[in-house]
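Dear colleague,

I am passing a structure on to you for your records. Please find the sequence and the coordinates below, followed by a short account of what was found.

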Amino acid sequence: MQALNYLSSALARVHPAWEAVLRQADIAARLADIDRQLSQQSEAGKTLFPPAAQIFNALSFASPADVKVVILGQDPYHGAGEAMGLSFSVPEGVRVPPSLRNIYKELAADLGLGIPANGDLSHWAQQGVLLLNSVFTVEQDQAGSHGKLGWQTVSDALIDAVNAQSPGCVFLLWGNWAHTKAERIDASRHLALKAAHPSPLSASRGFHGCRHFSQVNAWLIARGRQPVRWAAAAAQNSLF
């Protein structure tokens, strides 16, 4: 892979097992082009999220073979301090965004758990939940602004790596965009669960009541894999 500028700090944190994916000739070429575009935007004074070192945060926890669950998001949060390189997740101390609030509501309804006190989902990632956005970066206050940079080629390759290397995992496909990724998943080895997106605009049309979290754990247990401990270390019921 040729030397990169903007993405160098992010790549330094990637789990070694993902490097083979990112070094594939077509993916490396795409990353070089994305790196050039991000460098240009940064040099022009644009503020980009997440912080450069956190762009590949989702790839720093588990190898493709160790992924048990994939939760697909579309692009990062575009507000200051929100994006942290994990789909739907925000750092501790940041107000929990509406989509994540609805995820927490469904988690509570499904498993009877308390509402987490913050929106940091790192404890899921540490257990093999790949919190993957299709697009890895965004310009501040410009939702979807990096949708045409070429990130989808990279994220599709990462999905393909999990599909090929994981002994069996669950893909949570929330929203019409995520549903299109089902064709990349080997249904003989993995489980793809579809629901509406947890956004307030659509959660009432099939996300609430989907009971995906209990289905994930039942499927993992049936295949001899450890279930996900969805509950945070501390939870409270005052979030809403």
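Predicted model: local features only at pLDDT ≥ 70, side-chain atom pairs only at ≥ 80, totals over all residues.

Residues are numbered from 1 along each chain as its sequence is written, and side-chain values use heavy atoms, with hydrogens and water left out.

**The chain as a whole**

The chain contains eight helices and six strands; these are DSSP runs numbered from the N terminus, helices (H or I) having at least four residues and strands (E) at least two. Their order along the sequence is α-α-α-β-β-α-α-β-β-α-β-α-β-α. Along its principal axes the C-alpha trace spans about 50 × 40 × 30 Å. Of the 240 residues, 52% count as buried, where buried means under 20% relative accessible area, exposed over 50%, and partly exposed in between (1.4 Å probe, protein chains only).

**Strand E2**

Five of the five residues of E2 are buried. On one side these are Val-69, Ile-71 and Gly-73, and on the other Val-70 and Leu-72. In general, side chains in a regular strand alternate between the two faces of the sheet. E2 runs parallel to strand E3 (residues 129–133), to which five bridges join it; two strands pair if DSSP finds at least two bridges between them. Gly-73 has Asn-133 as its bridge partner in E3. E2 also pairs in the parallel sense with strand E5 (residues 170–174), over three bridges, and there Val-70 is partnered by Phe-171.

**Asp-75**

The UniProt record, an unreviewed entry, places the feature "active site" at Asp-75; such annotations may be inferred rather than shown by experiment. Asp-75 lies in the loop between strand E2 (69–73) and helix H4 (98–111). Asp-75 counts as partly exposed because its relative accessible area is 26%. Leaving aside neighbours within four places in sequence, Asp-75 is in contact (heavy atoms within 4.5 Å) with Asn-133, Val-135, Val-138, Ala-143 and Gly-144. A polar atom of the Asp-75 side chain lies 2.9 Å from the backbone nitrogen of Gly-144.

Yours sincerely

Conventions
Polar contact = N/O pair within 3.5 Å; in protein donor to acceptor, adjacent residues only side chain to side chain.
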